[in-house]
Amino acid sequence: MAEAAPNPSAVPAHDRTRSFHLRVFGCQMNFYDGELIRAAFVRRGYREAADPDGADVVLFHTCSVREHAEERVHGLLGELRRRKRSDPGVIVGVVGCMADREGLELFEREPHVDIVCGSRHFPHLPSFVDRVRGGEERVLEVGAARAAVDQPLRDLAGRPHSWSAHVAVMRGCDLNCTYCIVPSVRGRVASRPPQEIVDEVRRLVDHGVTEVNLLGQTIDAYGRDLPRDGRPSLGRLLDQLAELEALLRVRLITLHPSYVDSELARAMARSPQFLRLLPIPLQSGSDSVLKRMKRGYDTGLYRKRIDLLKQEMPDLELVSDWIVGFPGESDAEFADSERLMQEIGFLHSFVFQYSPRPGTSAYALDDDVPAATKKERNQRLLELQRRIARQRSARFVGTDSRMLLEQPDRDQPDAWSGRSHNGHPCSVAGAAGYQAGQLLPVHLQAPGRRGLQALALGPPRPLALAPGPPPPQVVAADPSTAAFLV
Ligand code: SAH
Ligand code: SF4
Ligand code: F3S
């Protein structure tokens, strides 16, 4: 559908400042997109409301990866139905992956929704609101879009931290895991030009950012959609970012094992900023389940890719996602996951119970693992992961590291929490006067209540810049440290 130009004369005069309420679900890409949505509304003079009650525009930025995530949004939409009856002027929008998956059907199930806006259209949300105010009954903008979502000149407003920022480097996925809705809602891989990314990171660094989280659904596929001649790659992007001296840390979220090669492993190893904590989901430790999932690798190939990375970076830590209760997953197949989790020794895991998604090829399979078994397997894997994480942290006791300070420690006065160079949570005492985003040389002394207890080996590296003014007050919906949180 073409975007109608906003007609200012059709916008009714408002006797109060307009406000919007945004609630975000899903992965870090969705949270990042939430920042861009915020910035778009703030630019138009809107104020962000912490509460949906009283907000002029209520938006849900949604996730379709599991049924539960969609049902929560339908529940919240149900609560808004009564409000809409008494206050028909309130504008309700469903944005993101659910909008792309359900499209027109969303209006049928939720007739009080005014806007259904897919993941490739949200930069235009304020103008969609204008269209509704101008008299259009419903606005439906889903699927492919003419313009890229990420602008060459990103508005830096809307960030939740002054010292850490997200930057999308690619969007979409060209793979076809049988359980996954992402490729059908987010489309094929679309990479941003490297210069645009570097310029954006430089602007962030000029505003006091010292850590960037580079985002992509399969970030190591970065560049593969661009012309072969002079094609950029994630490795080369890391090299370019290494030239930004005031940038202290670069995190990558999320890799797919199929795209890992030695060029990338070497680039990570020589990057002074790369956080050696890599989300590289395995999903299952069973070859037969991986085959049914069409993950594109077996456990042997996964091990090879990890070996390649660890040859270059023996201290690299890994994070995995797991699906338990995939159709037909037997006790023996589940036991393979437990074994491989232990063998590879992940530092952290996100465990999900299989949820059949209409529109995926696994939807045709019998969802035959009982809910109670899925739940039990979920708990068992999480419990095992907790034990493994403790063992891994213990291995680094007695070593030196560089800790990036994140926030004052909640439990100890004058202490700060943060992460070591390879992602271990740490806490350092005697830290009065420290600032978030600073890098501190530390000795990791002992296991503590929240990760490793660290001793400062010197003063923190002074920030090249005083952190810029704090970003505008934002509402952190569903705070997430997870790569994927629903
Ligand atoms: N691109 C990433 C993951 C994207 S989706 C990758 O390939 O690893 C985030 C996570 O949600 C997945 O890693 C998977 O563990 C989980 N997930 C995806 N579809 C699911 C489904 N139908 N049921 C349960 N979990 C699912
Ligand atoms: Fe989904 Fe697989 Fe693509 Fe990850 S790689 S987004 S799990 S289809
Ligand atoms: Fe979409 Fe991210 Fe969920 S891509 S389906 S919001 S995990």
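**A covered strand and its surroundings**

Modeller: Strand β5 (residues 91-96) is mostly covered, with six of its six residues buried. Buried means under 20% relative accessible area, exposed over 50%, and partly exposed in between, with a 1.4 Å probe and protein chains only. Helices (H or I, at least four residues) and strands (E, at least two) are DSSP runs, numbered from the N terminus. This is a predicted model, where local features need pLDDT of at least 70 and side-chain atom pairs count only at pLDDT 80 or more, while totals for chains, interfaces and linings use all residues. Residues are numbered from 1 along each chain as its sequence is written, chains are lettered from A and ligands numbered from 1 in the order in which they are written, and side-chain values use heavy atoms, with hydrogens and water left out.

Strand β5 has a partner. Strand β4 (residues 57-62) runs parallel to β5, and six bridges join the two. Two strands pair if DSSP finds at least two bridges between them. Across this pairing, V58 stands opposite V92 in β5.

Next, the ligands. Ligand 3 is surrounded by 10 residues, and the closest are C27, N30, C63, S64 and C97. A residue is near a molecule or strand if one of its heavy atoms lies within 4 Å of it. The shell of ligand 3 divides into five nonpolar, four polar and one charged. Here Ala, Val, Leu, Ile, Met, Phe, Trp, Tyr, Cys and Pro count as nonpolar, Asp, Glu, Lys and Arg as charged, and the others, Gly among them, as polar. Around ligand 2 the residues include C173, C177, C180, H256 and R295. Its shell has seven nonpolar, two polar and one charged.

Now a helix. α11 (residues 299-312) has 14 residues and reaches 20 Å from its first C-alpha to its last, close to the 20 Å expected at 1.5 Å a residue. That expected span is 1.5 Å times one less than the number of residues. T299, Y302, I306 and L309 of α11 are buried. They cover an arc of only 90° around the axis, which puts them on the same side of α11. The arc is that of the directions from the helix axis to the C-beta atoms. On the other side of α11, K304 and Q311 are exposed. The buried residues of α11 pack against several elements, including α9 (262-270) and β13 (277-279). Contact means heavy atoms within 4.5 Å.

Last, a loop. L275 is found between α9 and β13. L275 counts as buried, at 0% relative accessibility.
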